[in-house]
Each structure stands twice: as structure tokens, then as C-alpha cells.
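Hello,

Here is the structure I said I would pass on. My notes on it follow below.

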Amino acid sequence: MSDPTPLFADDGPLAAAIPGFRARPQQIEMARKIAEALRESRVLVAEAGTGTGKTFAYLVPALMAGGKVIISTGTKTLQDQLFNRDLPTVRAALKVPVSIALLKGRANYVCHYHLERNARDGRFLTAQDAADLRAIGRFAQVTQTGDKAECTDVREDSLAWIAATSTRDNCLGQDCPHKDECFVMQARRNAMDADVVVVNHHLFFADVMLRDEGMGELLPACNAVIFDEAHQLPETASLFFGDSVSTAQVLELARDTRSETVAAARDCVAMIDQTRNLEKAARDLRLVFGTETARISAAQAAERENFDAMVEALEKSLTEFQSVLDTQAERSEGLANCLRRTEEMAARLASWRSPEDKDLIRWVEVFTQSLALNATPLHVSDVFKRQLEGHLRAWIFTSATLAVGKADFGHYCREMGLAWMDPPPLTAVWGSPFDYAEQALLYAPAGMPEPNSSEYTERVAQVALPLIRAARGRAFVLCTSLRAMRRIHELILDGLQHSGDELPVLLQGEGSRTELLERFRRLGNAVLVASQSFWEGVDVPGDALSLVVIDKLPFAPPDDPVLAARVEHMQKQGLSPFVHHQLPKTVINMKQGAGRLIRTERDRGVLCICDPRMIEKSYGKVVWRSLPPMRRTRAETDAVAFLASLPPPRASARSPAQGSG
């Protein structure tokens, strides 16, 4: 289509069909730019501030352009919202005969084979897990899609889902006795037939780009790819262009092989013994690190006593496991699949120990219960650029946070391989339509100590408390580390108890992110202390959130093994890692955190950034200038007065104070 402007007009189809619809100039300009990119099969990198209405701005030209479109979102929540609400709304308003499909990763769909097998085996840690699996069984009999998001009777994080879904490793594929009724295959067939397919970034890279699970045909068939929340792509791409072997995967392989052996080769006692040996080797490797959790380079891991010996022991155990499994694999599809998984795992482990690619960053991540051996590419730009050049189509990258300063996309384009394209990508910035000067205040407290000082965390809590009391709760306190998060939570609880303020104080980890957000919204006067996972993708419009406190500028830890390797590489190229990588990344993360505060034209509130570097360091000015144009102050009295002037929380939301748990 040439110009989508009339569709957004006051007398246009969107206004006629959608109650309360009101187009914004930024939204119309964005839609026109996207229509141009779609028409000319160009790459467009576009930042659209909060409240622009970017979802409609890309949906309208995408639906009117014709052809096949893949829309990839940052989260499954946004994916569901797009498919269930926004897409049908715009399609109905425009009256276009466009078919749509939703496609998620296989772990989101009930697997008939694993559900049936695990329900029959009946091995569960708790009675609740067993009850959840029975509920999933009932759901599987009535659902049309098998999508776990529709099974509201079972918590999203229930361990029963592991027993009722498949992974890329344990899916039997065409050998599965339930392949004709498979929900994953059905979802993929629907995606192939649809005009518009909604996926998420993880699935895009795992399935579409890497042709990992037979989905290679989706991308060649499409005319356009639109990435919403595109700021997440570099991180996601690094994850999927790399490789890993984890002790959790090894344990899952051992358990699955044992179940398949009991079902099809019960007489092979040696196979059962080998599963036990493999489990022991995996656990012994994890135990090298005791109770600690860590992210360290392969070289640092090798300095740990017994690390190399335990990795070698795991590889030896995997080889012995494979040799016995090879003698039994023909007895069932399940055992044959376990053999394939063993071969692939052995190859990944051997590759990690002796990599051929010198541009891989080898590192180890130690979790509470498991350990992962990771190999991450030094940069993803070359791999991604090859995908973009493989077929003529439009590529749209959009988010509220892509630029540094007012309109510098250099960092993002270099990371994604867009900077060297011919023709170069189109770029554009549309600021938020919100009146930030009227709606919000940015408070940078004076007299803060250096962020690495021993008293810094206590000072953050001291700064936050009067603001929380003035706001009567309704606050996010966002921290850059889990240790600081837990300490600040304790201090805020103590401070509120001493002052007699009965406010609910929630802590990340007390429940799932979805549950905590639901409690926060429902209470209406709560304080939520959280870390990085609440910096983005969290939407609390209205009175329930009037204060956001951020403890520090979110620089990645300098000892992070992936960052350290990239810093060293950039130094060898004569570049400044801080200027070209660390600072731009921090600015984008900071804009995400700040974006939690003002979500609608009616929202009002205070953004408090405690880190003195934003004021005192020259690079802090880059962060300062990148934030929304709020009024600014260094005086606590201004911030307290602003918050005290806001209407009180909903009376119905008041509740007694509560701490952790």
C-alpha cells in the first residue's frame, strides 16, 4: 500500500471499529515509514517511545501490504496479546481477509507421548505434581491447540509440565506413535498456511534461523520480518548462535533412557547401570563448585581442583553409556531417540573441550543445582548479516529503546550486522507523546557515596524510604544485583515497621513474575523490590505504580566471561570497549528501567536514580540525556512533595504490612 495515513484518520476504519481509538502523529509517521520499508524490501531500525502506539503502527501496513509476514516479540506474554487481542482487532477494523497463526516453542505444547508415558509411570516428587499431571491430561482431551497458556488450572512453573511436554532432544518426531495428533506439528502446519505468523525471539532463532527443527521453510516463504522489543535480539542471538552442554541435560537424558529401557528393554540391566553412572558423573562435575553459583571463563574453571578431571570423566561416562545404548537402540523408537541425543551431546562436549572455532568464548555457568558448559560467539553480527542478505525481504526492528542519545543507532546496528549493509538501513526515532515535564520528575539524590562503597546499599534504602512513604507504597525498587536486592528489601521492611507504615513489601523470588505483578496490581499500595528481570516487559499503568527507584547504572559486571572476552577483542582492534559497547548497552538498559514509570497519558510519578555517576561523570551525561524529558531535581523535598500531591491509592487496595513470604 502507498500511504496508510487515511486508515488512522478520525473518520477512518480504526476509529470507527475501535472504541476510544485516537491516532497520534508519531504513530502515523511510523506507519508510513514501515509501509515504505515493506514496499521497498528495506531494513528499518525504529525507536518508538512509550505511548507511540507502535503495535498498530506496524500491524496496519503489515496487514495491508499482502504477502507473508513473521512478527517476532520479546516475550510470550506480548506474543499472546498480539495474537489474541491486537491482530484480530486491527484485522476486523480493516476488513482484510488475512489468516493468522500463533507459533511457540515445543515446550509450550502438551506432548501426548510424554504425558501418557509419565502418567503411566507415576513417579512424582509431590502429590501436587501428580494432581497437576492429571489436570493436564484432562486439558489435553478438550483443547484444540495444546498450548499450556490455556490450561489455567495448572501453574506455569509446575514441574508437571516437564513430564507433559517434549524438548528438541526427547521428541520422537516422525517415529512418534502420536504424530498425527501432535499439537506442535499442528501449530507448524497452521503457521505454514497463515499470512501472518506470530513467534517470539527465542523461537525465531532456534527454529527459523538455525533451521533447528524442520522450520527452515517458514523464513524463505515470507516477505517481511518484524521484530518488536528488538533491543533483546543481540542477547538472544548470542544464546542461539552458541552451544552448550549442561548437567541438567545429562540427567534428563539418563532419566529418559532409564524409562525407555524399563518399557522396551527391561532385561538389559547394564543399561540401567549406565544411566546411574552417567548421573553420578554429571553430579560430580557440579560438585566441583560446592554450594556457590558463578559465571566464569573456561580458563578460570580449569584452575579449580578436579574440574578438568570431572569433565573428562563425564565424557568417558558418556562414551560408555553410548556403547551400551547402541546395542539396545533398535528395540524402540524411544531408545533410538536417546541414542541420537547421546551422540549429539557427546559431539557438543568434545567440541567444547577442543573447539575448532577460535572466535568462540568458552565459559562455565554454575547454578544452584546444575552446571552448563557454554560456547558463545565473540560477535553475532556476521551470522545475522548473512541471514539478512539471504533473501530479498523487509526487516523491521522496533523498540522503545534502541538509540543512544537522541538518534544514534550505531551501537545497535554494529551488534546486529546492519551497519555494513548496502543499502544502509533506514533509521528513525519517534519520541513519546506523553507530557513528561508535567507527568514526571527525575530525582538524582545529592550526597550519594561511590557505588562500590560499603555503605552504598544502606544509603539507597535511606533515599528510597521517604519517597515510598510519600507515595504511600506504589513503588518499584529496581536493583542491579541480587545481593543488593535482598539487603534493600530487609532495610525497607525495617524502616517501614519503625515508622509504622503498613505497606505490603514484595520481593522478587517469592513467586513467579506473573504472580508478583498480579499481587502488586491488586494490592494497589505495594512496594516491589526486584532485580534485572523486572527492568523490562513489565506494564503497570495507572495509580498502582507512582515511584521507580533504581540503585545503580546497570553496567554488566566487568568479570563476566562473555563481556571480558569481547572487551579484550575490541581492545585488540584499537576500539574503546567502554565507549563502543559497555556504555551504549547501559544506556539502553537504563531507558528500559526508566520506562516502567509512565505508561499512559494519565500516569504521574517520580523516577529516582541513586547512582552519583550519572551527574558527576562525563559518561553519566550520556545516560542523563537519553532519558525522557522529565523535570529534574536533586532535592528530596521536591520529590517528596510531588509524590505527596498525587491522589491516594485506591482505598479497597489497602492491606496489612507483609514481608517475605
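Cysteine 176 counts as buried in this predicted model, because its relative accessibility is 12%, under the 20% cut-off. Cysteine 338 is buried too, since its relative accessibility is 2%. The structure holds 0 disulfides. Cysteine 176 is in no disulfide, and the nearest cysteine sulfur, that of cysteine 111, is 5.8 Å away. A disulfide requires the two sulfur atoms to be within 2.5 Å. For cysteine 338, the closest cysteine sulfur belongs to cysteine 171 and is 12 Å away, so it is too far for a bond.

Next, the sheet. It is open, has 7 strands and pairs in the parallel sense, in the order β3-β4-β2-β5-β10-β1-β11. The edges are β3 (100–102) and β11 (426–430), each of which pairs on one side only. On average, neighbouring strands of this sheet are turned by 15° against each other, direction ignored. Helix α4 (residues 76–94) packs on the sheet and touches β2 (69–73), β3, β4 (196–200) and β5. The direction of helix α4 makes about 165° with that of β3.

β2 deserves a paragraph of its own. This strand is mostly covered, with 5 of its 5 residues buried. Val69, Ile71 and Thr73 point one way from β2, while Ile70 and Ser72 point the other way. What does β2 pair with? β2 is joined to β4 by 5 bridges, and the two strands run parallel. β2 also pairs with β5, again in the parallel sense, over 4 bridges. Serine 72 takes part on both sides: valine 199 stands opposite serine 72 in β4, and phenylalanine 227 is the bridge partner of serine 72 in β5.

The bridge partner of phenylalanine 227 in β10 is phenylalanine 397. Strand β5 (residues 224–228) and strand β10 (residues 394–399) run parallel and are joined by 5 bridges.

Last, the confidence. The mean pLDDT of the protein is 89, and 96% of its residues reach 70 or more. Over residues 651–661 pLDDT stays under 50. The model has 30 contacts beyond four places in sequence for that stretch.

Regards

How values were computed:
Residues are numbered from 1 along each chain as its sequence is written. This is a predicted model: local features need pLDDT of at least 70, side-chain atom pairs count only at pLDDT 80 or more; totals for chains, interfaces and linings use all residues. Side-chain values use heavy atoms; hydrogens and water are left out. Two strands pair if DSSP finds at least two bridges between them. Axes are lines fitted to C-alpha atoms, for helices over the stretch in contact, and angles run from 0 to 180 degrees between N-to-C directions. Contact means heavy atoms within 4.5 Å. pLDDT is the predictor's confidence in each residue, from 0 to 100. Buried means under 20% relative accessible area, exposed over 50%, partly exposed in between (1.4 Å probe, protein chains only).
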